[in-house]
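Hi,

Here is the structure I promised to pass on. Please have it open while you read, as my notes follow below.

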Amino acid sequence: MTQRVQVIENILSANDQVALENRRLLEAANVYALNFMASPGAGKTSLIEQTLKRISSELHIAVVDGDIATSIDADRAAAAGALAIQINTGGECHLDAIMLKSALSELDLQGIDLLIVENVGNLVCPASFQLGTHQSVLIASIPEGDDKPYKYPGMYRGVDALVINKTDLLPYITFDMDYFRRGVEMLNPGLVTFPISCKTGEGLDSWIAWLRIQVSSHSIK
Ligand code: MG
Ligand code: ZN
């Protein structure tokens, strides 16, 4: 048991080293990078599409998509106007810094303002692996249920922004928004939160406004 703990600690610290290298590469090219995390089907790719639709005329955006298999998501991001790179993790249920490093080596970072990393759909381990991105965004969705902050605290604790997608489904699904938000507040007090619907476009303006501020305040530094 002790040995196993030691192995996991070593893997994580090796990962953190590479995450630091990734951060330096991004900083050197003045790229602001976000890590999108969520369960499968919450709407990471849909949010990327809607985001690209609204700001790809102002910013050069690249998307790195992590999936166990296929290039469906990278194809969607490319169709929406991003430079897109797919990472197939070969069974791994999260992205790690080494995978991101190899994707970064395929991009001309100098020409990019915003990098969105779409992590593997999973509410457990992506939170444990630093990638070197500047901030993390968790995308929750109404059909997942209002108890997810309580059941997956690790994911909610470490993120810098929370998107609650599929608000258009609220009339059809039992989802107690106050209960959900209380759970979030307990884990991550004051977390900036955007209830949105990628389907109707509701709430997306606030999300885009926040994103613009993050990118511009980063590039001023
Ligand atoms: Mg996706
Ligand atoms: Zn994993």
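**What I found**

Lys148 is buried, with a relative accessible area of 14%. Its partner in a salt bridge is Asp147, with 2.7 Å between N and O. Asp147 is partly exposed, at a relative accessible area of 24%. Lys151 comes in as well: salt bridges with shared partners join Asp147, Lys148 and Lys151 into one network. Before you go further, please keep in mind that this is a predicted model.

**The other salt bridges**

In one, the side chains of Arg76 and Glu49 meet, N to O, at 2.9 Å. Arg76 sits in helix α3 (residues 72-79) and Glu49 in helix α2 (residues 44-55), so this pair ties together parts that are 27 residues apart in sequence. Both ends are partly exposed: Arg76 has a relative accessible area of 30%, and Glu49 comes out at 22%.

The other is formed by the side chains of Arg212 and Glu58, with an N to O distance of 2.7 Å. Here the two partners are 154 residues apart and link distant parts of the chain, with Arg212 in helix α8 (residues 204-220) and Glu58 in the loop between α2 and β2 (61-67). Arg212 is partly exposed, with a relative accessible area of 37%. Glu58 is also partly exposed, at 41%.

**The zinc site**

Which residues coordinate the zinc ion (ligand 2)? The donors are Cys93 through SG, His94 through ND1 and Cys125 through SG, at 2.0 to 2.3 Å. Along the chain, the donors of this ion follow the spacing C-H-x30-C. The two cysteines link distant parts of the chain: Cys93 is in the loop between β3 (83-88) and α4 (97-104), while Cys125 is in the loop between β4 and β5, 32 residues apart. Cys93 counts as partly exposed, with 32% relative accessibility, whereas Cys125 counts as buried, with 16%. If you plan to set up the site, please note that water is not among the atoms, so it may look incomplete.

**Helix α7 and its two sides**

Helix α7 (residues 177-187) has Met177, Phe180, Gly183, Val184 and Leu187 buried. These five cover an arc of only 130° around the axis, which puts them on the same side of α7. Asp178, Arg182 and Met186, on the other side of α7, are exposed.

What do the buried residues of α7 pack against? Their partners are β5 (135-141), α5 (148-151), α6 (153-157) and β6 (161-165). At the N-terminal end, Asp176 caps α7, with a side-chain oxygen 3.1 Å from the backbone nitrogen of Asp178.

**The nonpolar cores**

The largest nonpolar core has 29 residues, and the members that touch the most others are Phe36, Leu47, Leu114, Val137 and Trp207. Two or more residues each come from β1 (32-38), α2, β2, β4 (114-118), β5, β6 and α8. Of these elements, α8 gives the most to this core, with six residues.

Leaving aside residues up to four places away in sequence, Leu114 touches Val31, Tyr32, Ile55, Leu59, His60, Ile61, Ala62, Leu211 and Val215. There is also a second, separate core of 20 residues, which includes Leu26, Ala62, Val64 and Ile112.

**Two backbone angles to check**

Two residues have a positive phi without being glycine. Asn30 has a value of about 55°, and Lys166 has one near 70°. Asn30 is found in the loop between α1 (2-28) and β1, and is partly exposed, with a relative accessible area of 33%. Lys166 is found in the loop between β6 and α7, and counts as partly exposed, at 23% relative accessibility.

Best wishes

Note on methods
Residues are numbered from 1 along each chain as its sequence is written. Chains are lettered from A and ligands numbered from 1 in the order in which they are written. This is a predicted model: local features need pLDDT of at least 70, side-chain atom pairs count only at pLDDT 80 or more; totals for chains, interfaces and linings use all residues. Side-chain values use heavy atoms; hydrogens and water are left out. A salt bridge is a side-chain nitrogen of Lys or Arg within 4 Å of a carboxyl oxygen of Asp or Glu. Helices (H or I, at least four residues) and strands (E, at least two) are DSSP runs, numbered from the N terminus. Buried means under 20% relative accessible area, exposed over 50%, partly exposed in between (1.4 Å probe, protein chains only). The arc is that of the directions from the helix axis to the C-beta atoms. Contact means heavy atoms within 4.5 Å. A polar contact is a pair of N or O atoms within 3.5 Å; within protein, one must be able to donate a hydrogen and the other to accept it, and residues adjacent in sequence count only if both atoms are side-chain atoms. A nonpolar core is a set of buried Ala, Val, Leu, Ile, Met, Phe, Trp, Tyr and Cys residues joined through side-chain atoms within 4.5 Å. Donors are N, O and S atoms within 2.8 Å of the metal (3.2 Å for Na, K and Ca); water is not among the atoms, so sites may look incomplete.
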